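Hello,

Here is the structure I promised to pass along. Please open it next to this note, and then read on for what turned up.

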Amino acid sequence: MRLTVLAASLAILTFAGCAAGPIAPEGETYGPDPALVEPTRRLLPVINIARAVGWPDGVKPVAPAGFAVQAFASGLDHPRWLYRLPNGDILVAETNAPPKPEGRSGGIRGWFTGLVMRRAGAAAASANRITLLRDADGDGVAETRTALLENLNSPFGMALVGDRLFVANADAVVSFPYVTGQTRITAPATPVAALPAGRNHHWTKSLVASPDGTRLYVGVGSNSNIGENGLDEEVGRAAIHEIDIATGTARVFASGLRNPVGMAWQPDSGALWVAVNERDELGNDLVPDYMTSVRDGGFYGWPWSYFGQIVDSRVSPPAPERVAAALSPDYALGAHTASLGLTFYDGAAFPAAYARGAFVGQHGSWNRTPRSGYKVIFVPFSDGRPSGPPQDFLTGFLTAGGEAMGRPVGVQLDSAGALLVADDVGNVIWRVSSTR
């Protein structure tokens with residue numbers, strides 16, 4: 001029986017991995033005006049995930065000339081997200097999806113998702129831990145590693161405001177007292193605000209504090225691809241929530257964002273930017289993921305439309321009044337790239353061409369032929385806006401045969417101005433420093 005199921009699974013993977021529509025020319029699904037081809041529909045979704053194999057000894061990602069790559073920390077347990085404390089300590093969320101509630105596995109779609117996650121190396125139980133890494137001697141390698149917080153619930157986003165460390169679990173934002181330099185927190189969590197949970201099709205909850213320290217912004221992904229589980233399950237989802245720290249009062253700040261993950265304040269404009277994963281199963285080049293500045297009260301289309309007011313005819317019932325209000329995002333990041341991490345370069349160690357630009361961690365496609373993402377890209381900015389095409393910055397995550405040695409997720413600067421990249425397949429935090 002097991003062999004029969006395995007054979008059937010492999011056959012489905014082979015069939016579903018066939019091409020889904022024509023391929024747009026390289027680069028045309030990036031930028032402020034991406035190519036948006038006609039949708040392509042299939043009986044089964046394309047499944048073309050890179051099988052996770054890890055890094056062989058002595059192998060590491062590749063950065064451009066003038067940069068060096070080293071392992072800041074290795075042997076971690078599915079490191080996904082990074083945060084730098086004011087004293088230079090780096091926090092890493094070692095985390096994975098929470099268990100699905102009984103009866104909400106997702107049927108045949110959930111079965112396909114399970115296949116994808118297992119092949120991608122993302123089906124293990126969550127470590128539910130935030131680990132502190134410290135490089136006291138400045139050699140680019142963390143010599144101190146401690147479990148700062150344990151027994152969390154699929155933690156992801158982190159933010160320090162004053163003497164309170166806020167953590168976004170899969171179901172709530174909580175806080176802990178923090179003293180500069182401490183390496184372990186044993187105090188119980190203080191609830192701040194509940195977050196939509198349940199099925200948790202998209203479970204990661206990113207988190208960023210306002211510059212004045214009065215509010216938190218939390219990214220909450222959708223509970224489905226295009227609302228197929230019913231819109232009752234999407235209440236408060238596909239949105240960025242704003243939480244008043246003093247009162248815990250929350251409101252939806254922006255909506256229609258299918259899976260808003262990386263958030264960061266652009267240093268020139270002061271605007272909040274977010275990296276968003278768009279919908280699947282419309283073909284190889286639909287719909288491009290994107291990053292965008294976020295307007296208070298803005299609606300960005302999901303699930304009824306994409307890239308502004310392009311209607312997704314699969315969604316029922318339609319909502320023409322919502323489509324008419326949909327805003328177009330600022331900058332496309334390629335179709336199915338799973339763009340998750342986002343940070344702006346405000347350090348001084350990299351060449352001037354990188355100043356104020358955006359680094360984006362692209363986790364990599366699972367439903368596109370050929371594969372896309374599996375790299376970190378850089379987008380130059382000028383006067384607070386994207387000012388040119390994307391540039392590959394950290395590559396080499398795939399073998400020549402298309403297997404994944406690593407997959408980049410969160411990106412963050414360290415106190416010396418080097419770029420840190422969380423790799424949840426290689427279980428490494430990579431550090432990219434300038435040699436110029």
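Let me begin with one tryptophan. Leaving aside neighbours within four places in sequence, Trp-302 is in contact with Ser-222, Ser-224, Asn-225, Ile-226, Gly-227, Glu-234, Ala-238, Gly-256, Leu-257, Arg-258 and Arg-279. Please keep in mind that this is a predicted model. Trp-302 sits in the loop between β17 and β18 (305-306). Is Trp-302 buried or exposed? Its relative accessibility is 4%, and because the cut-off for buried is under 20%, Trp-302 counts as buried.

Now for the chain as a whole. The protein chain has 3 helices and 29 strands. Of its 436 residues, 56% count as buried. Among the contacts with a separation of 6 or more, 62% are between residues 24 or more positions apart.

Next, a serine. Ser-293 belongs to strand β17 (residues 288-293), and with a relative accessible area of 17% it is buried. Which side chain does the side chain of Ser-293 meet in a polar contact? The partner is the side chain of Asp-330, at 2.6 Å. Not counting residues up to four places away in sequence, Ser-293 also touches Ala-271, Leu-272, Trp-273, Tyr-300 and Arg-385.

The aromatic residues come next. The structure holds 24 aromatic pairs. One of them joins Phe-67 and Phe-393 edge-to-face, with 5.1 Å from centre to centre and 75 degrees between the planes. This pair links distant parts of the chain: Phe-67 is in strand β2 (residues 67-73) and Phe-393 in strand β26 (residues 391-394), 326 residues apart. Both partners are buried, Phe-67 at 10% relative accessibility and Phe-393 at 2%.

Tyr-217 and Trp-265 make another pair, and theirs is edge-to-face because the planes of the rings stand at 80 degrees, with the centres 5.6 Å apart. Tyr-217 lies in strand β12 (residues 215-220) and Trp-265 in strand β15, so this pair ties together parts that are 48 residues apart in sequence. Tyr-217 is buried, with a relative accessible area of 3%, whereas Trp-265 counts as partly exposed at 24%.

Ring pairs also build a cluster, made of Phe-67, Tyr-345, Phe-350, Tyr-354, Phe-359, Phe-378 and Phe-393. Phe-67 and Phe-393, the edge-to-face pair described above, are thus both members of this cluster.

Which strands each supply at least two residues of the lining? They are β3 (79-84), β7 (158-161), β11 (205-209), β15 (259-265), β21 (339-344) and β27 (408-413). By type, the lining residues divide into 19 nonpolar, 7 polar and 2 charged.

Key:
Residues are numbered from 1 along each chain as its sequence is written. This is a predicted model: local features need pLDDT of at least 70, side-chain atom pairs count only at pLDDT 80 or more; totals for chains, interfaces and linings use all residues. Side-chain values use heavy atoms; hydrogens and water are left out. Helices (H or I, at least four residues) and strands (E, at least two) are DSSP runs, numbered from the N terminus. Ala, Val, Leu, Ile, Met, Phe, Trp, Tyr, Cys and Pro count as nonpolar, Asp, Glu, Lys and Arg as charged, and the others, Gly among them, as polar. Buried means under 20% relative accessible area, exposed over 50%, partly exposed in between (1.4 Å probe, protein chains only). A polar contact is a pair of N or O atoms within 3.5 Å; within protein, one must be able to donate a hydrogen and the other to accept it, and residues adjacent in sequence count only if both atoms are side-chain atoms. Contact means heavy atoms within 4.5 Å. Rings of Phe, Tyr and Trp (its six-membered ring) pair if their centres lie within 6.5 Å; planes under 30 degrees apart count as stacked, over 60 as edge-to-face and the rest as tilted.
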